[in-house]
Amino acid sequence: MKKQEFFSMRINGLSVIMMLILLCLTVFGVLSLVSANAELRLSNKNASHIAAYSQCDAQAQHALSDICNSVASAENYDEIAAILNGYGKYCAAVVEDGISVDFETEKFDSLSIDVKLNIDSNRKVTVEKYMLNISEAEAQEEMSLWQG
């Protein structure tokens with residue numbers, strides 16, 4: 001009788017090592033892509049936040065310039081307060097030690113800047129508060145942590 005020949009593939013140690021190396025390279029490649037995508041989303045969010053802050057800051061600085069120009073051109077406290085209140089975006093009030101001015105910038109991407117100034121008797125403008133405000137929805141989104 002004639003022996004039948006069967007094709008058999010032998011799996012030896014070298015083949016197993018090659019398969020494990022291929023599997024490891026595939027897993028690391030996928031993890032690298034996932035990590036790169038997460039970093040891209042984070043950097044886009046950071047760029048958006050920085051752009052919004054820059055817009056708010058520019059608007060606040062422009063308002064400070066307007067206020068300083070109004071202080072320089074007015075003759076007395078009441079006139080300064082009237083000029084600032086006439087703009088409609090500032091809340092100016094004459095207080096015992098000068099004029100108190102409050103205003104908030106427009107919201108850009110849920111950010112705004114709250115500013116409080118004091119104008120003393122020598123017409124010196126002092127910034128008492130320059131605070132970044134984040135809307136409630138943005139704050140909740142930033143605070144949400146992964147729960148596992």
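How many bridges join E2 to E3? Six do, and the two strands run antiparallel. The legends below describe close-ups of this predicted model.

**View 1. An open sheet has four strands.** The strand order is E1-E2-E3-E4, and the pairing is antiparallel. E1 and strand E4 (125-134) form the edges. Each of these edge strands pairs on one side only. On average, neighbouring strands of the sheet are turned by 15 degrees against each other, direction ignored. Strands of a sheet pair through backbone hydrogen bonds, in either a parallel or an antiparallel manner.

**View 2. A hairpin connects E1 and E2.** Two residues join the strands in this hairpin. E1 and E2 pair in the antiparallel sense, with five bridges between them. Valine 95 faces glycine 98 of E2. Alanine 92 has valine 101 in E2 as its bridge partner.

**View 3. A second hairpin leads from E2 to E3.** Here six residues lie between the strands. One of the residues in this hairpin, aspartate 109, takes a positive phi near 55 degrees. The antiparallel strands E2 and E3 are joined by six bridges. Phenylalanine 103 stands opposite valine 115 in E3.

**View 4. Strand E2 is largely enclosed.** Why is E2 largely enclosed by the rest of the structure? Five of its seven residues are buried, so the rest of the structure largely encloses this strand. Phenylalanine 103 lies in strand E2 (residues 98-104), and phenylalanine 103 is buried.

View 5. Helix H2 lies across E1, E2 and E3. H2 runs at about 165 degrees to E1.

**View 6. One aromatic pair is present in the structure.** Which two residues form the aromatic pair? Tyrosine 90 and phenylalanine 103 do, in an edge-to-face arrangement. Their rings are 5.3 Å apart, centre to centre, with 80 degrees between the planes. The pair links distant parts of the chain, with its residues 13 residues apart. Tyrosine 90 sits in the loop between helix H2 (77-87) and strand E1 (91-95), while phenylalanine 103 belongs to strand E2. Are these two residues buried or exposed? Both tyrosine 90 and phenylalanine 103 are buried.

Conventions:
Residues are numbered from 1 along each chain as its sequence is written. This is a predicted model: local features need pLDDT of at least 70, side-chain atom pairs count only at pLDDT 80 or more; totals for chains, interfaces and linings use all residues. Side-chain values use heavy atoms; hydrogens and water are left out. Rings of Phe, Tyr and Trp (its six-membered ring) pair if their centres lie within 6.5 Å; planes under 30 degrees apart count as stacked, over 60 as edge-to-face and the rest as tilted. Buried means under 20% relative accessible area, exposed over 50%, partly exposed in between (1.4 Å probe, protein chains only). Two strands pair if DSSP finds at least two bridges between them. Axes are lines fitted to C-alpha atoms, for helices over the stretch in contact, and angles run from 0 to 180 degrees between N-to-C directions. Contact means heavy atoms within 4.5 Å.
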